Each structure stands twice: as structure tokens, then as C-alpha cells.
Protein chains: 2
Amino acid sequence: VTPDELKARPELMERLEIVYGGLKPEELKQATGLRWLQVSSAGVNRWITDELRERDVLITNASGIHAQPITEHMFGMLLQVTRCLREANQQQEKGLWRGYDFNAHIDMLAGKTLGILGAGAIGAHAAKVGAAFEMTVIGLSRSGKPVPFIERMYTPETRLEFFSRCDVVMNVLPLTSKTRQFMGGRELASLPKGAIVINAGRGETIDSEALMESLTSGHLRAACLDVTDPEPLPEGHPLWEIPNAYITPHYSGGHPGYMKRANAIFLDNLNRYLNGEELRNVVDKTEGY
Amino acid sequence: VTPDELKARPELMERLEIVYGGLKPEELKQATGLRWLQVSSAGVNRWITDELRERDVLITNASGIHAQPITEHMFGMLLQVTRCLREANQQQEKGLWRGYDFNAHIDMLAGKTLGILGAGAIGAHAAKVGAAFEMTVIGLSRSGKPVPFIERMYTPETRLEFFSRCDVVMNVLPLTSKTRQFMGGRELASLPKGAIVINAGRGETIDSEALMESLTSGHLRAACLDVTDPEPLPEGHPLWEIPNAYITPHYSGGHPGYMKRANAIFLDNLNRYLNGEELRNVVDKTEGY
């Protein structure tokens, strides 16, 4: 059934066994027969309600299809800062060859240390690209298990040592009870002066007030944020006006063919489901990713 | 002697054996004892005059130190286009979360074909990064010799086949008699519709009129130009106003520590010179690079 059909005949809700997309909390209550929810995003924090956690419902996500676009987006935002491309655009608007002192502000990735916060599919791809740019790549994950192209893995316990080494942080953490506000004032202060923070995970994994303070004090060179807290960032929010904040409205995972690739995961899982096989991308409802 | 001392005592000019930097044509005439000119740039087209070509003067450049910054700059400009970062900046200026339809315009590098035009030190590094982004990398050079991370090399004779495969062209050609206007109307027309042209070589290697036409007709999605023809691009030049032209005023090779790295090449060469050994980075004055 399609969403429109469900609206017309709400009594069908209780007969749903499989949902591809999402269910609002009140719909979930009605969908008493639900066994499996496949979402088309990677982050599932929107969907994991207390009710879903307790019920015998499998949740699977589209993890994997975001690795390339989000990595490209993060490096694009990073290089926009280090190569002063925003300033170049402003100068181009004036039609002037000379003006801004680019040589005084440009920087080079090669030789710098890139810290990957959350080393899943996205983090692994970002690490590979960072290594190709000749950056030293370090990472942090819950388990601290080795990841290709990452020289050294840290764990939440050794996070201050991790942050103290990062010239650039790429945060791709999922939002869970353990990652909420993971980067607070102490963590931001541990970063070397001039560090660049990139967030393409979830806005709430960084303390927004502390982040704004690190930006305005000049401790951070820049923050490149595809996700914010609050999100959407409301009109008039002070973050909009901070000159070294670079904001993109949560589209880093987008790319042509997104739904085609998400559909392929669903269809593969549907095939497994019908054959009684184990599904791919099953989310741990307790851990939240 | 320093440039200031030379100004005060021009009679020293004829006693110069080694110059690190550059010499104007009239200075070159006076410097009758010159044996070796080390320049701090990679491109040497400014320095190779007819007189220098004929005289028994070695010319060496700083080739090698540009590979990382120019590669970073080219990927930064490219990702700025494919991730719509200029549009994101414009939207941020308005303080609005929603507005521009990013999903309709973003694109993904992974799966696309990257053509490297001129496969020296810069091209080789760009190929490595392109491969890490999961692009198919092809290349074109005079010799067509294999280069790591480049799947297939083309030569000037097969250039139209090369261009017909390129979703993205990264042009890092030096300026020589053979590369002047290398990309003309036919070559640009051979590119697939929607291709992106990046030039961080020399402006004169692309026919400027033909490029502007390909941009305004929409055949090209964008041109990212760190070099232009003419250069500097004068005030009022129509290229400034073309919306899908992205211009940076020839600083892609710049990076902190540039002169330190260029000096290291000079000092290494000076040591070789004094010991009668072969110099590094000797320019072929006939070929012009």
C-alpha cells in the first residue's frame, strides 16, 4: 500500500508487516502487526522511539550509500576553507583580480592530521581520501578496532588525547545517548588552535554554545556544519552570522541516484526477508545505530 | 648579492654566475657570465626568452612542491561546484535554512571519469586523489607513458577520444608552443555535456573565446579557473560575469612554507652545482618545461 492509500483507508495500518520509509509515533501505535521497518536514511534517531525499542520490530537503514557523497561534501567544505574559495567568490563578484591576500590565508592539507570521529562506512571512505591527500589519519570509535588508512584508533576514554592531535576533525557520529554532546567545551579546548571542525553526523553531538564560543574566540579556524543544533537552524540564530561558520542545510548525503541505491538495499533485504535470511544493515536499537 | 645591491651596483650584473629568482630580459643581456638560473616557480614560460634558449645557461625550476597545493585547490574548486557550496554560502548570507534546491543540483565524483591533462608531478598526485574518490582516472601526455592510478594514457593524437570520456578535466599543462590553445572549440565540443573543466596550468592552453561560449551555451556545467587568458583578467572582462565560471587569481600553488620548500630545492641544487653534479629539475629549453 502507498501512503495515500493508507490515508484513505487507515484500517490497513494494523495489517502492515513491512514498512519502507518511516512511521510517525501515532502510526507506529496503530501498526500492531509491524515486523520490519526499512528506512532510507543512515541515521535512525528519529525513528527509534521507546515503543519501537520495546516491540519486536526489526529496523534496518540505508548505511553505505552515504559514504561517497558525505566524504565528498566534507572535503569540499574543508578545502573551501583552506583554499579560501569563499573569499575568491566574493572577489570575483567585484570583478577584481587583486584584492584579498590569499597567500596569507591559504593552507595545505598534506602533512596535517585528520581525526575521524565515528569510523563506520563514511569514516572509512573519508580516511582513504585523507590518506590520498597525504594527511595523517587517526580515528575514534567505541571499539577502537583498526580501520584501513587510519594509523591509530582511539576510544571515548582517550578522546582528549585524540582531539589534541587533530588539525581537522570530521565528525560523522550517529546520535545516541552516548554521543549526545560528545564534543563539549573540554573537547573543543583540547583541539590545537586553528583547528577546523566538520560535522556531517548529527548536530546534537556537539555542544552548540561551546562551538560558537570556540569560533568567535578564534580558537577554531572554522566549523563546517552540514548538521546543526537546533536543526533546522532558525532564522535569526547567531550561528548564521558567525563569519568562520560554514553552513550547508543537511544535504551532504544527497546525490543523484540516492533513492535508486536506497531502493536496492530495500529490495535486497526484502528478498532476504521473504527467504527467511538475515537482513543487512540491522540497527542495534539499544545502541541506536 | 641581493636585488637591492644589484640596483645600487649594476656593474655586478656581468659577474653573476648563478641567479635564484628571475631576470628581466634587459638584465639577462647584462648578465653575460650567467651559467645557471634557478626559478622558484614550476612554469618557466616567463623566463625562456629566445636569448636564454640560445645561450649556454641552465634553467631549473621548483617542480614538485606544487603537486599537493594545486591538487587540493583543483579538488576544492571541483567540489565547490558539485556540492553547491557557492549557493550554500549565498543562502547562509540570507540566514535561511531552506531556499535553493540543493538536491536538484548536487553531484557525486564517485563513478565519474577524471581526465588529467599533463601528467607530471601535479597530475600524478591529482590522479591518486581522484582514484581515492573512486573516480575512473585517465590521462594525456606527450609520451603517453603509464602513470600510477591512471587507468589509461592518451597522447595529443588521440586527444578527442580522451576528451569525449572526461566528466571532469584537470588541465595542468605547462605553456609551450605545442600546448598553446591545446583545448580549442573542437576539444571543448568533444567533452560530454555537463562536463567540468578545471585549469590550474596556464590560461593560454585553452581558447578563451571557445571556453566562454561552452559555458554560456550550457555545454559545460562549469569552468574552475586559477589561470586565465588574458592574465591578470582585466576589470570588465566578460568572463568575470559568467555565472558558471569560478575564478581564483592564480594562487593554487601557494601554501604556507612555499619559499622554504623552494629554497630547499635551490640549496640542494647549489650543493650539486658546487660539486659538479647533475642538477635536479633541469628544464628542457626547447620543450619549454
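Buried here means under 20% relative accessible area, exposed means over 50%, and partly exposed covers what falls in between (1.4 Å probe, protein chains only). The model is predicted, so to speak from the record side: local features need pLDDT of at least 70, side-chain atom pairs count only at pLDDT 80 or more, and totals for chains, interfaces and linings use all residues. B:D229 is partly exposed, at a relative accessible area of 24%, and is found in the loop between β9 (220-225) and β10 of chain B; helices (H or I, at least four residues) and strands (E, at least two) are DSSP runs, numbered from the N terminus. Leaving aside residues up to four places away in sequence, B:D229 touches B:Q181, B:G203, B:E204, B:I206 and B:S208, where contact means heavy atoms within 4.5 Å. B:E241 sits 12 residues from B:D229 in sequence and 15 Å from it in space, C-alpha to C-alpha.

As for the two chains, a rotation of 180 degrees with 0.0 Å of shift along its axis puts chain A on chain B at an RMSD of 0.0 Å, by least squares on the C-alpha atoms of residues with pLDDT of at least 70 in both. The two copies are therefore related as by a two-fold rotation axis. In chain A, the C-alpha nearest that axis belongs to A:G76, at 2.7 Å. The copies meet through the same surface, because 100% of the interface residues of chain A are also interface residues in chain B.

Inside chain B, strand β4 (residues 113-117) is largely enclosed by the rest of the structure, because 5 of its 5 residues are buried. In a regular strand, side chains alternate between the two faces of the sheet. In β4(B), B:T113, B:G115 and B:L117 point one way, B:L114 and B:I116 the other, and all are buried. Strands pair if DSSP finds at least two bridges between them. β4(B) runs parallel to strand β5 (residues 136-140) of chain B, with 5 bridges, and B:L117 stands opposite B:L140 in β5(B). The chain gets from β4(B) to β5(B) through helix α6 (residues 121-132) of chain B, in a right-handed β-α-β crossover; right-handed means that, with the strands pointing away from the viewer, the path from the first strand over the helix to the second runs clockwise. Another parallel partner of β4(B) is strand β7 (residues 168-171) of chain B, joined by 4 bridges, where B:L117 stands opposite B:N171.

On to the rings. The whole structure holds 23 aromatic pairs over all chains, counting Phe, Tyr and Trp (its six-membered ring) with centres within 6.5 Å; planes under 30 degrees apart count as stacked, over 60 as edge-to-face and the rest as tilted. A:F102 and B:Y251 are stacked, because their ring centres are 4.2 Å apart and their planes at 10 degrees. This pair joins two chains, because A:F102 lies in the loop between α5 (85-94) and β4 (113-117) of chain A and B:Y251 in the loop between β10 (245-247) and α10 (258-274) of chain B. A:F102 is buried at 4%, and B:Y251 is buried at 4%. B:Y20 and B:F266 are also stacked, at 4.3 Å centre to centre and 5 degrees between the planes. In chain A, one aromatic cluster is formed by A:Y20, A:W36, A:F266 and A:Y273.

Notes: Residues numbered from 1 in each chain as written. Chains lettered and ligands numbered in written order. Heavy atoms only, no water.
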